[in-house]
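Please read them with the structure open.

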Amino acid sequence: MTTPGVDGAVRERRTVTERRLHPVTPLRRAWAPIAVVIGWAVHDPDQAQRQLTRLTTTTLLIALAVLVPAAALYGFLTWWFTHFAVTESELRIRTGLLFRRTAHIRLERIQAVDVTQPLLARVAGVAKLKLDVIGADKKDELAFLGEGEARALRAELLARAAGFAPETAHEVGEAPSRELLRVPPGVLAVSLVLTGATWGTLAAVLVVPPVLWLATESVWTVLATALPLLGAAGASSVGRFVGEYDWTVGESPDGLRIDHGLLDRTHETVPPGRVQTVRIVEPLLWRRRGWVRVELDVAGSSNSVLVPVAPREIAESVVARVLPGVTVPPLSALSLPPRRARRCVPVWWRGYGLAVTDAVFTARHGLLRRSLALVPHAKVQSVRLSQGPWERLWRVADVHVDTGANKTVTARLRDAEEAAELLRGQAERSRTGRRDARPDRWMA
């Protein structure tokens, strides 16, 4: 007689259908053997050059005739031996040509499913599915799937993670989305021009190479310094513009949807209930225009930007969607450190502030580049008080709040008695917040 547990396993084996990735995937994986050869040449260029000079035309053609089919065969076999399947409780991914690996991803532990499309993938009509899973150091991914199949699988995974029955998960489909914000390309370009990092790297490019030339008169030294500086300048301006182009934030039952990218298109989801910290950043040159940037700390996720640039009122309305019931405290509501704190940090002590409401712990730092961090009480993992010898002399202390994203928000230079009371009060607010918090589930 078959036991109920065995019965269920038999039914699952019968109903689960394993699927393969898109047929263009072997083209992506066929580059691995060629990449090994290129890596060897870069690692030992002298030896590679000597070997190339010894090769005749006939030998080179034979080598290519062997390498290209071998690369194609490797790509085909890795694609052939890669399968995935969605069961009632997990997503299974089986990979490996020589060494087999099977990943069992519990659906209830999925906290983000992102669809990304590099430029060539967009041309081919395929997409990559990335999964953020609680407790995993890196994302599991399925690359590549057809664009429509990737979106349908994403919708099915979110539906099952939300608790929909397997037989109805296919019918749920992708949740509708309502647009909240779209960043115009012109505004994004102006905001990058008005960013201090852009001007700092450009100034370094203009000043450092001439100084090195006068000091060394070595072209190689100048190039070795100028090229990384040019790369940093491009990453802080052009790279960010390309990555944050057409930034769109939409609201759906499964969280906030974020779409962005000029060349590589990315479709991300900010998981409900997983946001640990929200930071509202206000660079100095943005203040006349009233612009801010909103950044996130999400537990176990790589999502770090919610809004690259927007008017403060619009940005705060988006923050209210991420943290329901939370109102961003105005600057006038922040309490400054006591005046004696200037003995510890001259001038810059005025950039620190603190506000504690029923919903969030809020700390500010910075004079030129203001940053306001909001931590919901339910997301506080621990509270610490630190006080160095100089701070003890002037009766001030720092209060550190640790979150589940391995980040810390610090209220600096508070009065020592206030800090001790804040430590006790925050511990109680965190316990109460976790007890009353909403469940961290999709579409809940």
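1. A salt bridge here is a side-chain nitrogen of Lys or Arg within 4 Å of a carboxyl oxygen of Asp or Glu. The model is a predicted one. By that criterion, a search of the whole structure gives 23 salt bridges.

2. One of them joins glutamate 149 to arginine 19, with an N to O distance of 4.0 Å. The two residues are 130 residues apart and link distant parts of the chain: glutamate 149 belongs to helix 7 (residues 147-161), while arginine 19 sits in the loop between helix 1 (4-15) and helix 2 (25-29). Glutamate 149 counts as partly exposed because its relative accessibility is 30%. Arginine 19, at 28%, is also classed as partly exposed.

3. Aspartate 297 and arginine 279 form a salt bridge at 2.7 Å, N to O. Aspartate 297 is in strand 12 (residues 291-298) and arginine 279 is in strand 11 (residues 275-282), so the pair ties together parts 18 residues apart in sequence. With 7% relative accessibility, aspartate 297 counts as buried.

4. This pair should be read in context. Arg279 and Asp297 belong to a network of salt bridges that also includes Arg240, Glu244, Arg293 and Glu295.

5. Strand 11 also supplies glutamate 282, whose partner arginine 312 lies in helix 12 (residues 312-322), so this pair ties together parts 30 residues apart in sequence.

Terms used
Residues numbered from 1 in each chain as written. Predicted model: local features only at pLDDT ≥ 70, side-chain atom pairs only at ≥ 80, totals over all residues. Heavy atoms only, no water. Helix = DSSP H or I, 4+ residues; strand = E, 2+ residues; numbered from the N terminus. Buried < 20%, exposed > 50% of the residue type's maximum accessible area, 1.4 Å probe, protein only.
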